[in-house]
Amino acid sequence: MPLSSSSATSDDRNYSQEIQQFVAELAQNPDREQVASEIEVLQSIYGEDAVRLWDGNGNGHLEAGTIRYQVILSLSPPHEDISVSILISVPPTYPVSSPPQLQLLSRYIGAFGADSNLFGSILRTFISVNGVEWATDTVCVFDGLQNVLEKCTTWYQDRLSTEMAGKLLREDQKEHTQAAHTTSSAAVSQKLENEIPELEFAPTELPAGVVLYVADPILDRKSAFVGRACRISHPSEVPLVLSYLMSDRRISRAAHPIINAWRCQVGSVLHQDNDDDGETAAGGRLAHLLQILEINDVLVVVTRYFGGIHLGPDRFKHINQAARNALDLGGFLDTTEASKKHALKGRKH
């Protein structure tokens, strides 16, 4: 079915030409010359088609002396494929004695519906302490848009992190549900275990007396870092704990499942080791963490799920923090602090 002439006109609309004609008209008015120049600058920064006249209220882009236009912004990397539309309302007294007003036109940012808090913070861009300071007789739309861009990017990243945390929790619940369903095959599993040599059979339980503490995941740009820690009484327990973790498919399919370090005092000998698990120098950093914290008889493991975005040095910060969170959860840091206080009390002055 052929398109109607009205549809064709809408599809072929030349936003760049419209705004250029409007800017030329504004430039003829000395009171609006600064506004015209500012719009041209915004076109040069964001692209000619990113700045458009707005007539969404049906009354045109110029009403009672207030100029209205919209700017299409792309979020900051790595989310530049997500865009938002911002309405700029310029009163007749701008920039001499009044600031402009910014409004979020987009109802969705990516797959997430924008909430009232975000709408409100953008409306208050030039009147809030968290916004942009406005000075009389100074153009400021660009500064306001950059502030809005930062807010929208942060808001979107927070929603992605929340979504990933929910996904991890759902996967964890799914694994537990599947585990419950497989209990009926315990007899078959026992038969297989008896037929396979003991040393070749992957352990499905932790060594007796070992309690594993699991910290909440640290989320950053689609990557997740999960710290785990447990007390060990002998170095021989380390491979058993690691094998137990690798028997969990949620852990084993991670990019770096068992980055680890451990220290264990046996008699007068301190045994220690670490493993990067493919994340260069990560194991050594965990070993250094245990050393400076002066914690013995402990194994700490960090699992990293890679989200497709390289984090650079930040990944080591998250690995160390995930490990520290697990140690804190298990009470290992409390022991360290108590030891330090005891040493201080016994020190002669």
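F142 is partly exposed, with 32% relative accessible area, where buried means under 20% relative accessible area, exposed means over 50%, and partly exposed lies in between (1.4 Å probe, protein chains only). F142 belongs to helix 5, which covers residues 141–181; helices (H or I, at least four residues) and strands (E, at least two) are DSSP runs, numbered from the N terminus. Together with V41 and I45, F142 forms a nonpolar patch on the surface, with about 230 Å² of accessible area in total. Patches are built from residues with over 30% relative accessible area and no salt bridge, with like charges joined within 9 Å and nonpolar side chains (Val, Leu, Ile, Met, Phe, Trp, Tyr) within 5 Å. A salt bridge, in turn, is a side-chain nitrogen of Lys or Arg within 4 Å of a carboxyl oxygen of Asp or Glu. Accessible areas come from the Shrake-Rupley method with a 1.4 Å probe, and for residues only the protein chains shown count as cover.

The model is predicted: local features need pLDDT of at least 70 and side-chain atom pairs count only at pLDDT 80 or more, whereas totals for chains, interfaces and linings use all residues. Residues are numbered from 1 along each chain as its sequence is written, and side-chain values use heavy atoms, with hydrogens and water left out.

Now to the chain as a whole. Its secondary structure comes to 11 helices and 13 strands, and 37% of its 349 residues are buried. Contact means heavy atoms within 4.5 Å. Of the contacts in the chain with a separation of 6 or more, 61% are between residues 24 or more positions apart.

The predictor's confidence in each residue is given by pLDDT, from 0 to 100. The chain has a mean pLDDT of 80, and 79% of its residues reach 70 or more. Over residues 195–203, pLDDT stays under 50, and the model has 6 contacts beyond four places in sequence for them. Residues 342–349 also have pLDDT under 50, with 1 contact beyond four places in sequence.

The side chain of Q70 makes a polar contact with the side chain of S85 at 2.7 Å. A polar contact is a pair of N or O atoms within 3.5 Å; within protein, one must be able to donate a hydrogen and the other to accept it, and residues adjacent in sequence count only if both atoms are side-chain atoms. Beyond its neighbours within four places in sequence, Q70 has contacts that include W54, I86 and L105.

Most residues other than glycine have a negative phi, and most peptide bonds are trans. Another cis bond runs from Y94 to P95, with omega near 5°; P95 is in the loop between strand 4 and strand 5 (101–104).

R221 has phi near 50°, is found between strand 9 (218–220) and strand 10 (223–231), and is partly exposed at 26% relative accessible area. A281 has a positive phi of about 75°. Its loop joins strand 12 (269–275) and helix 9 (282–293), and A281 is partly exposed at 36% relative accessibility.
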